[in-house]
Amino acid sequence: MLRQVLLSASRSDKVKSLVETAPVTRSLVHRFVAGERTFDAVRVTEHLAAQGLYASIDHLGEDTLDPARARATRDAYVTLLGRLDDAGLAGHAEVSVKLSAIGRYLPGDGEAIALDHARAICEAAKTCGTTVTLDMEDHATTDATLAALRELRADYPWVGAVLQAYLRRTEGDCRDLAGTGSRVRLCKGAYDEPASDAYTHRADVDRNYVRCLKVLMAGGGYPMVATHDPRIIELTGMLAARNRREPGTYEYQMLYGVRPGEQTRLAAQGERVRVYVPYGDQWYGYLMRRLAERPANMTFFLRSLAGRG
């Protein structure tokens, strides 16, 4: 129930205003968000690289209805990629892009505009020698996002996909995308979805995650296992051994600010670990989804609001 309330709040302007003006909010934001500037994203990436970790950087923003903002987001990614290259960090970082942040919902030709912006970002990534992962959003956009993925992969075959285990369709999508050369991030999902399209009980989501993971680890692609769950981390190692996968033929992915000790532990064992690093001033929706995912985060926030944290 709390999760549903928080996910609804992520789209509430009234709650957004309250949270953004709360004095303690910044301390919580800094736990999960690198900062608001390109400099902050590069700085955090440099820190992660020094620990043997990799980064997937997300310039925060979604559901953009302003053409100028969509262009600005595209330009922010291009600038970021250039700065990473200048800092010698392109080999340790890629970018994650939401199509709704670069114009999908613009009136008229929004999908085409977003695809053009995505191409510009991919071209910048190609120049730097790194990659792009196309983030998945709510279930209603899945088919359109996969269509954009196919378009981009025609010229940039390394573009990564994201699949969400709470959707009932995802095992089939994993089978479609498990081929040689395909990069797929498997996560559980963080949007408020109807029961007709998504599993609503955690145990069902976990079981579907495992089914999907088995498909990806047995396939010819490059699985990106986005999880903080110790059971799934252990299972991934077992599946890697079963399918004779060496470290570097798959990777673990975790969120910035969540289980950093586990991130460095896995990296010290020779595993490739990539940290999802968000930055920018449009952090509200991202923060609310992180609170919805982990009750401990919500407890920390409420104690802070009460003056005890």
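The legends below describe several close-up views of one predicted model.

Residues are numbered from 1 along each chain as its sequence is written, and side-chain values use heavy atoms, with hydrogens and water left out. Because the model is predicted, local features need pLDDT of at least 70 and side-chain atom pairs count only at pLDDT 80 or more, whereas totals for chains, interfaces and linings use all residues.

**View 1. The chain as a whole, with its helices and strands.** The chain contains 13 helices and eight strands, where helices (H or I, at least four residues) and strands (E, at least two) are DSSP runs, numbered from the N terminus. Of the 309 residues in the chain, 54% are buried; buried means under 20% relative accessible area, exposed means over 50%, and partly exposed lies in between, with a 1.4 Å probe and protein chains only. Among the contacts with a separation of 6 or more, 74% are between residues 24 or more positions apart, a contact being heavy atoms within 4.5 Å.

View 2. Eight strands form an open sheet with parallel pairing, in the order E3-E2-E1-E8-E7-E6-E5-E4; two strands pair if DSSP finds at least two bridges between them. Strand E3 (132-134) and strand E4 are the edge strands, each of which pairs on one side only. From one strand to the next, the twist averages 25°. Helix H10 (residues 230-242) lies across strand E6 (222-226) and strand E7 (251-255), and runs at about 165° to E7; for such angles, axes are lines fitted to C-alpha atoms, for helices over the stretch in contact, and the angles run from 0 to 180 degrees between N-to-C directions.

View 3. Four bridges join E4 to strand E5 (residues 183-187), and the two run parallel, with Ala161 opposite Val184 and Gln164 opposite Cys187. Between E4 and E5 the chain passes through helix H8 (residues 170-177), making a right-handed β-α-β crossover; right-handed means that, with the strands pointing away from the viewer, the path from the first strand over the helix to the second runs clockwise.

**View 4. The nonpolar cores.** The largest nonpolar core has 71 residues, and those with the most contacts inside it are Ile57, Leu186, Leu213 and Val277. Such a core is a set of buried Ala, Val, Leu, Ile, Met, Phe, Trp, Tyr and Cys residues joined through side-chain atoms within 4.5 Å. Helix H6 (residues 110-128) supplies the largest share of this core, eight residues. When neighbours within four places in sequence are left aside, Leu213 is in contact with Leu186, Val225, Ile232, Leu235, Thr236 and Leu239.

**View 5. Ala93 and its surroundings.** Ala93 belongs to strand E2 (residues 93-97) and is buried, with a relative accessible area of 1%. Leaving out neighbours within four places in sequence, the residues in contact with Ala93 are Thr45, Ala55, Ile57, Leu84, Thr130 and Arg274. The C-alpha atoms of Ala93 and Val132 are separated by 9.5 Å, although these residues are 39 residues apart along the chain.

**View 6. Salt bridges.** The structure holds 24 salt bridges, each defined as a side-chain nitrogen of Lys or Arg within 4 Å of a carboxyl oxygen of Asp or Glu. In one of them, Arg43 joins Asp40, with the closest N and O atoms 3.5 Å apart, and both residues lie in helix H4 (residues 38-50), three residues apart, about one turn of the helix. Arg43 is partly exposed at 39% relative accessible area, whereas Asp40 counts as buried at 8%. Another joins Asp155 to Arg119, with the closest N and O atoms 3.0 Å apart, and this pair links distant parts of the chain, since Asp155 lies in helix H7 (residues 142-155) and Arg119 in helix H6, 36 residues apart. The side chains of Lys188 and Asp206 also meet in a salt bridge, at 2.7 Å from N to O. Lys188 lies in the loop between E5 and helix H9 (202-218) and Asp206 in helix H9, so the pair ties together parts that are 18 residues apart in sequence.
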